[in-house]
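Reader: I would like a close look at one part of this model, followed by an account of how the rest of the chain is put together. Please keep it plain.

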Amino acid sequence: MITPAGLTDEVVALVQRTVGTTHLAVLTGAARVPAGDVVLCDVAREAADELLAALRALGVDSLGSIAVEHIDLSLSRSADRAEREAPGEGADAVIWEQLTGATHEESTLSITYLAFLALATMIAACGVVLDNAILIVGAMAVGPEFGPVAGVCTGLVQRAPKLAARSLTALLVGFAVAMAATTLFSLAMDALGQFDRGMLENPRPNTSFIWQPDPFSFIVAVLAGVAGVLSLTSAKSGALVGVAISVTTVPAAANAAVALGYGEFAQMWGSAEQLLLNLAGIMVAGTLTLSAQKLLWRTQQNRVRHHKDANGASNGVF
């Protein structure tokens, strides 16, 4: 943190009375822009959200700055003690500021985001026409659409309408652009003799599920939404790959685009229904999961505060 000189003592006192903090250091007058002191500390993940909220309440983010980094390895008895004293488990902790920042970045409507979504949809179009499950899975892994979906969920739970609106815009515009680009791509492939209507109309045992939604489409989307949100809030981002290849958002958009190019409106509407079912299932599950996590974490924090009050003085490590 960079803190104005007049605020440093309050910040230091706050860190000292926060359960789960250690390794406090103050570099007086070290900061130049903005001018002030540099305050460093380590905090257990499960205590980070409460500390960040308190620092923002003091105005550190507006008068100075707050930067958070993940420590991969810390060999320290005091760090071990701080982690033991912090409430709950680090894997279960939600750092809401970090989640909001991450979803804000992932849900920005950028050229890179549009390019990835369009490329993923085109790859899926090849998989649809060739009835190739490997290409479908690859396209699902490439698609970046979970970021905006998570942004909508976070915006709803955190009552951040701007984040929710920005994420929804990125989602809708992104799929519209990707499907338009894929329709043109499929027409170009048809002109080159690589695609033809018969390939779309022939039986496709590996990919026909894409335009034939059923109750399992929504059920799988709900389960994937829960898993995706848990992977974001617990910093286990590797699980997002599994989430990405379990829902047929990108393949459904691709099938709809190819079907539109050939005038196969039955497949187009079936694919559109599949896409909407998956997106709705993920959003509903993600919003409910975040709401449950917020409630559980608030209950956990209240329990810790009552424990601290019952014991009188601070339960910190200093």
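Which residues of helix α2 are buried?

Author: The buried residues of α2 are Glu46, Ala47, Ala48, Asp49, Leu51, Leu52 and Leu55, where buried means under 20% relative accessible area, exposed over 50%, and partly exposed in between, with a 1.4 Å probe and protein chains only. The model is a predicted one, in which local features need pLDDT of at least 70, side-chain atom pairs count only at pLDDT 80 or more, and totals for chains, interfaces and linings use all residues. Residues are numbered from 1 along each chain as its sequence is written, and side-chain values use heavy atoms, with hydrogens and water left out.

Helix α2 covers residues 45-58. Its 14 residues should span 20 Å at 1.5 Å a residue, and the end C-alpha atoms are 20 Å apart, which agrees; the expected span is 1.5 Å times one less than the number of residues. After α2 comes glycine 59, with a positive phi near 90°.

The protein chain holds 14 helices and three strands; helices (H or I, at least four residues) and strands (E, at least two) are DSSP runs, numbered from the N terminus. Of its 318 residues, 45% count as buried. Among contacts in the chain with a separation of 6 or more, 78% are between residues 24 or more positions apart, contact meaning heavy atoms within 4.5 Å.

Histidine 23 is in strand β2 and has a positive phi near 55°, although it is not a glycine. At 30% relative accessibility, histidine 23 counts as partly exposed. Proline 34 sits in the loop between β2 (21-32) and β3 (35-43), and the peptide bond joining valine 33 to proline 34 is cis, with omega about -5°.

Next come the helix pairs. Helix α6 (residues 111-130) packs against helix α13 (residues 249-261) at an angle of about 70°, with the axes 8 Å apart. Axes are lines fitted to C-alpha atoms, for helices over the stretch in contact, and angles run from 0 to 180 degrees between N-to-C directions. That angle makes α6 roughly perpendicular to α13, since angles under 35 degrees count as roughly parallel, over 145 as roughly antiparallel, 65 to 115 as roughly perpendicular and the rest as oblique. The crossing of α6 and α13 is right-handed; a crossing is right-handed if the near helix is turned clockwise from the far one by less than a right angle, and left-handed if anticlockwise. On the α6 side, the contact is made by Leu117, Ala120, Thr121, Ala124, Ala125, Val128 and Val129, and on the α13 side by Val250, Pro251, Ala253, Ala254, Asn255 and Val258. By class, this contact of α6 with α13 has 11 nonpolar, two polar and no charged residues, with Ala, Val, Leu, Ile, Met, Phe, Trp, Tyr, Cys and Pro counted as nonpolar, Asp, Glu, Lys and Arg as charged, and the others, Gly among them, as polar.

Alanine 253 of α13 is buried, at 0% relative accessibility. Not counting residues up to four places away in sequence, alanine 253 touches Thr121, Phe175, Met179 and Leu275. Its C-alpha is 9.7 Å from that of leucine 276, which is 23 residues away in sequence.

Helix α6 also packs against helix α7 (residues 133-142), at about 165° and with the axes 8 Å apart. The two are therefore roughly antiparallel, and their crossing is left-handed. The contact joins Phe116, Ala120, Ile123, Ala124, Cys126, Gly127, Val128 and Leu130 of α6 to Leu135, Ile136, Ala139 and Val142 of α7. These residues divide into 11 nonpolar, one polar and no charged.

In another pair, helix α5 (residues 96-106) meets helix α8 (residues 146-157) at about 135°, with the axes 8 Å apart. That makes α5 oblique to α8, and the crossing is left-handed. Trp96, Leu99, Thr100, Thr103 and Glu106 of α5 meet Gly147, Pro148, Ala150, Gly151, Thr154 and Val157 of α8. The residues of this contact divide into five nonpolar, five polar and one charged.

The loop between α8 and α9 (161-191) holds arginine 159. Arginine 159 is exposed, with a relative accessible area of 77%, and has a positive phi of about 55° without being a glycine.
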